[in-house]
Structures are given as C-alpha cells and as structure tokens.
Amino acid sequence: MSLSSRIIVRLTITAVVATGVAYGWLYLKQSHVEGYLRERALMRQAQEISDFISIHENGSINLDLPPRLSEAYNSPGSRYRYAVRDEAGRIVATSSRRIGPLPQFIGSQDRTYEYTSEDARNRMIGAAFQTTVGQRTFTTQVEQTAPRARALGAAVFDEFITDGGWLGIPFLIALLGVTAFTVRRALLPLHELSAMAARINPGSSEVRLPHVGIPREFLPFVHSINSALDRLDDGLRQQREFNANAAHQLRTPLAVLSANIETMGDTAVSAKLRYDVELMSRIVSQLLLVARLETLNVRLDDPVELCSAAREAAENLGSVAISMCKTLEVDEPAEPIFVRGNRVVIIAAVRNLIENALNHSPVGGTVRIRATSTPSIEVCDSGPGIPPEMREKIFERFWRGERSKEGAGLGLSIVRRIMHALGGSVSVCDAPEGGAQFSLVFPASVLATESPAA
C-alpha cells in the first residue's frame with residue numbers, strides 16, 4: 001500500500017470513529033436530557049395538582065381539579081395517574097388507577113422515582129412533591145408508564161436526524177474527499193523528486209535533487225539522496241579518469257612496440273606480432289573513446305551529415321575488406337541527411353558495425369551500408385544472422401559469441417554507448433536478404449532538411 005493510501009485509510013478510519021463517537025455522545029446526551037425533561041414535566045404536574053388542594057372549615061380535604069386535568073388523569077386511555085397523601089401517608093385524593101408507594105424524602109420537598117408495576121409488564125416513572133396547606137403537609141404523586149415516556153426521546157432523536165443530523169454523512173464524505181486531495185497534493189513533490197531521480201544517469205551524475213518547495217519532512221531524505229549521489233559521482237569521476245589515463249598511457253608503448261616490429265627480419269613472426277599490436281591498439285582506442293564519452297569530453301551538438309560519415313567509415317575499412325575478400329557497398333540518398341552529434345564518434349560507431357559485419361560475413365560476401373531519412377544508418381551483413389535470444393547480450397561489454405575469434409567484445413557495447421550519448425538507439429534484426437541488420441537511429445533534428453551551407 002502506498003504512503004498516500006495509508007494516510008487516507010487511517011484518516012478515514014479516524015473520521016468514521018470520531019463521527020460515531022460524536023453521534024453516540026449526542027444519543028447519550030439526548031437520553032440524559034430526555035430523563036431530565038421527563039422528571040421536570042412530572043414534577044411540574046405534581047406541583048400543579050398541589051395548587052388545587054384545599055381544606056374546608058370542617059377539616060375535610062378537597063381536590064378540585066379543572067376539567068382538562070381531571071379528564072387527562074381519569075380518562076380510561078390515559079397514561080397518567082396521581083394521588084394526594086396526608087402526613088400519615090393515607091391517600092386523600094386519587095385518579096381511577098392504582099399508584100405506587102410513597103418514596104422517602106431526604107432533605108428535599110420533591111423526589112423522582114421508578115418502579116416496576118405489579119404485573120411486571122410496565123416500568124413506572126413518578127414524581128412526588130410535598131406542599132403545605134394550612135397547618136398540614138400533603139404529598140402529591142404523579143406517575144406515567146416508561147415506554148410511552150421513552151417515545152419522546154425517540155421522537156426527538158428522529159427529528160434531529162431528519163432535520164439536520166443526516167448532514168453529517170455528506171459532510172464526512174466531503175471531509176474525506178478534501179483529505180484525500182490534500183494528502184495527494186502534499187505528496188506531489190515526492191513524486192516529482194522520484195521522477196527527477198529516475199532521470200539521473202552516469203551522463204548526468206552532477207544533477208542533484210532540489211530543496212526549494214519541498215516539505216520539511218522530506219528534506220532529510222533529499223539531503224541523504226544528494227549525499228549518496230555526491231559519493232557516487234566522485235567514484236564515477238575517478239573511474240573515468242583512470243580509464244582515460246590508462247588508455248592514453250598504453251598508446252605510447254604500443255606505438256614503440258609497433259615501430260620495433262618493423263625492424264624484425266622474420267616477416268612471418270613480425271606479421272603475427274603486427275596483427276596483435278594492431279588489435280591491442282584498436283582496443284585501447286575504443287577504451288579511450290568510451291572514457292571521453294563518459295567524461296563528456298566530446299561535443300555532441302555539432303551538425304553531422306550521415307551520408308558522408310557512412311562513406312568515410314566504409315573507405316577507412318576498404319583495405320580490410322579487400323584483404324578478407326569481401327565487398328563493401330554504400331547506398332546514399334540523393335539529398336544530404338543532417339543530425340546533431342559528433343562526426344568522429346558517429347564514424348567510430350559505424351566503423352565498429354562494419355568491422356563486426358565483415359567478421360561475420362563469409363568470403364565473397366557483401367556488407368551493405370545505407371543512410372536513410374529516418375534519420376538512421378543501416379549496416380547489413382551476409383552472415384548467419386543473430387538469434388532473437390542473443391540480440392540483447394551482444395551489446396554487453398566484453399561479451400563475445402561462441403564463433404567470434406576477433407576483438408575483445410567491446411565494439412557493439414561502444415556503439416550502444418555512443419548512441420545513448422547522442423540520444424539515439426541501436427537495434428538489430430534480420431536483414432531482408434539474409435544475415436543481420438544493425439540500425440543506428442538518431443533523434444530527429446531540424447538540420448535534416450537544411451543544406452550543407454546552412
């Protein structure tokens with residue numbers, strides 16, 4: 001699970017739990033308020049009935065309720081009942097239904113109570129109020145059944161949900177939507193840093209992740225990545241400098257060795273040694289070219305005409321092809337094809353492909369070099385071709401095929417490095433007339449339609 005998903009899920013759970021707790025608290029609060037209002041209503045009823053207690057001159061007690069109260073307590077379907085008791089607890093006035101026992105008063109003139117009816121089917125809720133009339137003290141009890149009393153709370157809660165409580169659901173959904181948007185926006189710099197880090201390669205090892213506009217929590221991570229890149233860049237620089245220095249230092253002793261071979265009297269031995277020295281010189285030159293490319297010590301934005309570059313590479317290997325009894329053919333379009341790059345490295349890439357094609361073509365075979373307007377350069381041999389499962393391995397450094405007897409396995413690796421530095425690509429497929437076809441595809445450039453003068 002991604003970091004943003006984890007944050008959103010946890011915030012969602014927190015919001016849902018908080019909403020549930022809030023509604024639960026409201027329900028408990030409503031139940032408390034319901035009980036308070038019920039007790040207060042019963043107590044007011046008891047006080048109201050107490051106001052109608054009177055004592056006649058002969059000492060008799062009279063309760064003269066108004067018709068509305070009398071009907072409310074004495075009608076057959078009424079849920080309420082009352083009773084008035086004297087000091088001794090005797091009932092002196094009552095409704096038509098039985099009422100519960102008198103509660104005990106402790107330091108107060110009013111008291112609420114609950115009990116279960118004798119038939120155990122109803123929960124009774126009551127309030128008792130003491131009042132003084134003349135010189136006598138009376139206690140008024142008012143009761144009602146609990147289920148009907150709880151209907152008030154249910155009605156209040158339902159009304160709350162109907163009138164405005166349902167707004168909590170869309171509010172929660174909106175909150176989660178805003179939270180998800182905020183989290184993803186907050187993590188957007190991390191995605192940008194990831195994309196920028198993915199673009200860093202040995203050719204752009206000096207690039208560092210920015211600190212501006214990055215959230216404070218990500219800054220330690222950015223500093224650590226940049227520190228690691230500094231160490232890697234320093235290691236790459238030292239390795240490139242070593243390769244360049246080693247290749248450069250090897251060229252002088254090879255030149256001296258080649259000159260000494262020319263003075264040998266045994267022509268057979270000198271020819272064999274000369275071939276080995278030439279092979280070593282070519283490997284050193286290729287290593288030096290790789291080092292120059294890796295240290296970016298070569299301009300790669302000069303205008304280069306592909307047709308003339310392909311022709312020059314073929315001309316440089318003309319004598320080699322003749323000595324191997326093989327033919328080179330160069331196919332050029334009528335119009336020149338220009339790209340951005342470096343003429344020397346492009347010729348080196350084409351030369352390596354031609355050498356590879358000559359080594360794998362049979363005696364009497366033909367190697368064809370063709371420049372296209374794609375823009376690209378294609379080199380086709382007349383050899384056995386390359387199996388599909390081997391077409392990626394041949395570009396690995398120091399990899400040599402089972403039948404390869406020439407070179408050190410650097411040529412095709414250098415070609416890929418050159419094309420990568422130029423922003424292009426190299427690929428291999430089956431040639432139309434048999435054999436293998438290598439294609440150097442260059443990035444499109446406005447120079448492709450310009451004239452040599454431009």
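Analyst: Start with the term for exposure: a residue is buried under 20% relative accessible area, exposed over 50%, and partly exposed in between (1.4 Å probe, protein chains only). This is a predicted model, in which local features need pLDDT of at least 70, side-chain atom pairs count only at pLDDT 80 or more, and totals for chains, interfaces and linings use all residues. Residues are numbered from 1 along each chain as its sequence is written, and side-chain values use heavy atoms, with hydrogens and water left out.

User: Is S194 buried, partly exposed or exposed?

Analyst: S194 is partly exposed, because its relative accessible area is 46%. S194 lies in helix α4 (residues 168-198). Helices (H or I, at least four residues) and strands (E, at least two) are DSSP runs, numbered from the N terminus.

User: How do I read contacts around D233?

Analyst: Contact means heavy atoms within 4.5 Å. With neighbours within four places in sequence left aside, D233 is in contact with S205, E206 and R208. D233 belongs to helix α5 (residues 219-261) and counts as partly exposed because its relative accessibility is 21%. Its C-alpha atom is separated by 9.6 Å from that of V207, 26 residues apart along the chain.

User: Where is T139, and is it buried or exposed?

Analyst: T139 is in strand β7 (residues 136-145) and counts as buried because its relative accessibility is 4%. Leaving aside neighbours within four places in sequence, T139 is in contact with A83, V84, R85, L102, F105, A128, F129 and Q130.

User: In what order do the strands of the sheet with β7 lie?

Analyst: Strands of a sheet pair through backbone hydrogen bonds, either parallel or antiparallel. Two strands pair if DSSP finds at least two bridges between them. Here 5 strands form an open sheet in the order β4-β3-β7-β6-β5, with antiparallel pairing. The edge strands, each pairing on one side only, are β4 (91-94) and β5 (110-116). From one strand to the next the twist averages 25 degrees. Angles run from 0 to 180 degrees between N-to-C directions, and axes are lines fitted to C-alpha atoms, for helices over the stretch in contact. In β6, R123 is the bridge partner of T116.

User: Which strands make up the sheet with mixed pairing?

Analyst: That open sheet of 5 strands has the order β9-β11-β12-β14-β13. β9 (327-331) and β13 (425-430) stand at its edges with a single partner strand each, so one side of each has no neighbour in the sheet. On average, neighbouring strands are turned by 15 degrees against each other, direction ignored.

User: What pairs with β11?

Analyst: β9 and strand β11 (residues 366-372) run parallel and are joined by 5 bridges. Within this pairing, V330 has I369 as its bridge partner in β11, and D331 has R370. β11 and β12 run antiparallel, also joined by 5 bridges, and form a hairpin with 3 residues between them. R368 has C380 as its bridge partner in β12. Of the 7 residues of β11, 5 are buried, so the strand is largely enclosed by the rest of the structure.

User: How is the packing of α9 and α10 described?

Analyst: Two packed helices are described by the angle between their axes and the distance between the axes. Helix α9 (residues 343-360) and helix α10 (residues 411-421) pack at an angle of about 150 degrees, with axes 9 Å apart. The contact is made by V345, A348, A349, N352, L353 and N356 of α9 and by G411, L412, I414, V415 and I418 of α10.

User: Which residues of helix α7 are buried?

Analyst: In α7 (residues 306-316), the buried residues are L306, C307, S308, A309, A310, A313 and A314.
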